[in-house]
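Here is a friendly briefing to read alongside the model. Please have the sequence and the 3D view open as you go.

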Amino acid sequence: MKTAIRTSEGFSVLDDPLSMIIEQEADVPCDSLKAVFAYREDFPDIKRIYLIDDDRNDIEEAVMSGDVIFSGVADEVVLDINAAGSFITVYARNLACLLTDSECYMMTYRDPSLDVIVRRHGEPFGLSCPQNSPKERKGVLTVKKGSSHYRVIQRFCKEFLGTTLRIDHRGMIIPDLYSVGKRLDFDNGGGIPFGRIRISDNRYQRISRIDVYDESGFCISVDNPGSVRGDIQRVRCLNLPESVAGTISEADRIIASSNSKGFGVQLECQGSLLNTLGHSASVNAPWCGDRELFVVRIKYINDNKGERTELKLASRGE
């Protein structure tokens, strides 16, 4: 892949970086990029940074059409001079940072729709959604002082749609991270080959029951369907008026999240598996069996040891 940039003077291609790391995570709003280049006096003033396929010659057309591997904003450029030489490090985040870094006005939405939320909180920053829906969702969404535009869209997806928000590598707003992408089959006998693997069954993470209390003190117990009789009981209490969603669904979300943290697979593959976050996956390895797993974290590394991707797979947790 080639590293393209946009400056105040237009588009250009940088020399290949000495090293590059890109990190993507399901519960982190912004993808991050760190690229190290050899210093030169005419190093450009970077505004935006893009990764595109080597065979794309028209940078501007690739960027405008969204045919990119990464699209981001340069947050910080650092010059290091030491015994090993002179280097420039560029730190960038994907276009989700346009929403996380901007505060919006306090307001109240009654029966909001995805169409309205995206139009007011995404489109002013040049972001759009391929799945806009004018269908209203019953309820009230209150935007408090200090809320970012990202937070508003995230809360709508979480509380009204029951989904996980994602701003992808093109700058598209994806309301449901887990609704897109093909299945990845990690298998050294014919699927995607992998090297080292680490499988962890963190049983202490699983919550067996949540006791939900409403304003009157009335209690409803919500059991974890993944728990079986004889398991060690780990019980949590939830005060409904102070919960995120304010409904009993919050207990289901917490249980699902605890289940997703309970079992994880970390593995390393050669080459790039960028932009597979949220894809479903299977692993042909002990303990994995028929578990339904998803890609929840990606770390892409390209340095003097070559190109490789470290992934974490876990159960889906909202």
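The notes below cover a hairpin, a sheet and a surface patch.

This is a predicted model, where local features need pLDDT of at least 70, side-chain atom pairs count only at pLDDT 80 or more, and totals for chains, interfaces and linings use all residues. Residues are numbered from 1 along each chain as its sequence is written, and side-chain values use heavy atoms, with hydrogens and water left out.

**The hairpin**
- Strands S1 (residues 2-7) and S2 (residues 10-13) run antiparallel and are joined by 4 bridges; strands are DSSP runs (E, at least two residues), numbered from the N terminus, and two of them pair if DSSP finds at least two bridges between them.
- With 2 residues between them, S1 and S2 form a hairpin.
- Ala4 has Val13 in S2 opposite.

**The open sheet**
- Three strands make up an open sheet with mixed pairing, in the order S15-S14-S16.
- Its edge strands, S15 (219-223) and S16 (235-239), each pair on one side only.
- S14 (residues 209-213) runs antiparallel to S15, and 5 bridges join the two.
- Arg209 stands opposite Asp223 in S15.

**The surface patch**
- Tyr39, Leu79 and Ile81 form a nonpolar surface patch with about 310 Å² of accessible area together; accessible areas come from the Shrake-Rupley method with a 1.4 Å probe, and for residues only the protein chains shown count as cover.
- Leu79 lies in strand S6 (residues 70-82).
- Leu79 counts as partly exposed because its relative accessibility is 43%, where buried means under 20%, exposed over 50% and partly exposed in between (1.4 Å probe, protein chains only).
- Patches consist of residues with over 30% relative accessible area and no salt bridge, with like charges joined within 9 Å and nonpolar side chains (Val, Leu, Ile, Met, Phe, Trp, Tyr) within 5 Å; a salt bridge is a side-chain nitrogen of Lys or Arg within 4 Å of a carboxyl oxygen of Asp or Glu.
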